[in-house]
Amino acid sequence: MRKDYNLEKRKYVIGGFITIIVIIYILRLLNLQVLDNRYKDDADSNAFLRKAIYPSRGVIYDRKGNVVVFNKPAYDIMVIPRDIQPFDTIDFCNTLGITPEQLIARFADMKDKKKNPGYSSYSPQVLLSHLDAQDYGRMQEKMYRFPGFFIQKRILREYNYHCGANILGNIREVSPEDIKRDPYYNRGDYTGDLGVEKSYEKHLRGIKGEEILIRDARGKIQGRYENGAHDKKAVSGRNLTLGIDIELQEYAEKLLHGKLGAIVAIEPETGEILALATGPSYDPAMLVGKNRGKNYSTLRQDPLTPLLDRSIQGAYPPGSTFKPGQGLILLQEGIVTLDTRFPCYRGYVNAGLRVGCHPHAAPIALKPALQTSCNAYFCWGLKAMLDRKKKYGSTAEAFEVWKNHLVGLGYGYRLGIDIPGESRGFIPNANFYSKIFGEGRWSANSIISVAIGQGEILATPLQIANLGATIANRGWFITPHVVKSVEDTVIEKQYKEKRIPKIDRKHFESVAEGMRMAVLGGTCRTANLPDIEVCGKTGTAQNPHGKDHSVFLGFAPYNNPKIAVCVYIENAGYGATFGVPIGSLIIEKYLKGEISESRKYIEENMLNARTISSKYDGKGK
């Protein structure tokens, strides 16, 4: 009998097909019964109700131990959709002060899996947030009328001071992206938004606890499962202590009232930020509670952009506050000595190019050039450096050396402050100009304005203040930071280590002397305090879009400095008009605790002065 090989092959094909189907069923059953927890969770939710216990968020203190941010209770209406039974919606809405249409819309949002990816009819869902004490009291009395609903206690923030919003940040409800990124969060949870609330979120938030309640066959709560043996206690968040002096911060924001700009104060020895003020600002309490969304929208639409933190996000031409850094580079590179003098014919005049200056004695050396803020000196100095082909090889190579020194001094890149949003400013490199002018086709005169902090140079007020701290320390700085310490945690290494520019200490000493001369008999005379040796440098930064910016860089005392300051007031004219008097008030307030009677008139003038129209001010502060 002849063997049918086709039938033989068909037998193996059918057998293999059956085997594959069996394997698929086995894998599917394994997934359903062992790996996939959905059905187990659904079964558990019939028997158990798991309620989150939210921990207290860490308290925030200032450097003197003043409580800045603490917690207050808030209440959310939670609902387990499958447990809802017919209820009096009119009574429910009237109790909470909402309309039936709002209730329907809230249920629709809750069930929308795009807005609420974690939705399940078996698990607790947030229906309404931020009940105040009165709403909570009324609702608590009637909860027995609304099966499937319960009240969840949460934590909101309370503020002892109406300042520092840009430093503190706020907390907001988590987004779907937050939930995807971090499994800690569920819908309705809160997370830090901006400031230290965001950058120190994992320290501040603590660890959620859990309470497990048992249901009967009808879904009614019968009590705690096994007397709470499986409950988990919440662990409170860690407290933060800021380097900020909250009273100095409050004072700085008052001085900025009616003005656009920023004030930054740093403790040179530690890098701790004493004040980080931006103007205009807003009360941090505006972004708490039911009106958060409305207030946030108002702040976003404000033409003066109070949500912009100008202290770390504003990138400005530093103007003449850039000159101390230039002096350091010229000394380090051997381009000048303390005896080198350059001419000033009411400015820098060379090959048909002129950069203006104000009257003073000339020719002039470095220290008096800092004292009088001579533009010509620093233009001639940069030209001498970029023209020194024997030392550097080419203009481009000399410029790269210049640029690298500035980076070492903290310009051109983010310093690394411990709150989000810092700008890097801008320091061009040689390639930047080669693309504009052509390789080998540009010279010192092509870019001479950068010698005096103009042209393409941009810096943040934080970077300018940090230069002051570096000079105050005579040649080193620690990365500026807002948080002094975290409870039971070692502060990050980067906020302890010294960063040392490649410039000799003796040159910092010389520049500090020039800045002291500026206060004693130069452009910073208003900053001269009778019992505090202040060092300073003015800046009048040219603004192509309007009136010049008024800038001040300073530190005090001359020996063993305790504070370095940058004041930057937009569209305010000469540095001596606003920058110097405000900077001197900040220094005096911090070091003495009060303003002397003989200088009260300066304080009053600065507190009341405005550089912006009143019709645009007041949306925030």
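The report below takes up cysteines, then aromatic pairs, then charges over rings.

This is a predicted model, in which local features need pLDDT of at least 70 and side-chain atom pairs count only at pLDDT 80 or more, while totals for chains, interfaces and linings use all residues. Residues are numbered from 1 along each chain as its sequence is written, and side-chain values use heavy atoms, with hydrogens and water left out.

With a disulfide defined as a pair of cysteine sulfur atoms within 2.5 Å, the structure holds 0 disulfides. The sulfur of C357 has its closest cysteine sulfur in C344, 3.9 Å away, which is too far for a bond. C566 is likewise in no disulfide, the nearest cysteine sulfur being that of C524 at 12 Å. C566 is buried at 0% relative accessible area, where buried means under 20%, exposed over 50% and partly exposed in between, with a 1.4 Å probe and protein chains only.

Rings of Phe, Tyr and Trp (its six-membered ring) pair if their centres lie within 6.5 Å, and planes under 30 degrees apart count as stacked, over 60 as edge-to-face and the rest as tilted; by this rule there are 20 aromatic pairs. Two of them are tabulated here.

| Pair | Centre distance | Plane angle | Class |
|---|---|---|---|
| Y348 and W380 | 4.7 Å | 65° | edge-to-face |
| F399 and Y433 | 5.5 Å | 85° | edge-to-face |

F399 is buried at 0% relative accessibility, and Y433 is buried at 1%. Ring pairs link both into a cluster with F322, W402, Y411, F426, F432, F437 and W442.

A charge sits over a ring if NZ of Lys or CZ of Arg is within 6 Å of the ring centre and within 35 degrees of the ring normal. K208 is placed in this way over Y184, at 4.8 Å from the ring centre, and K498 lies over the face of W476, at 4.3 Å.
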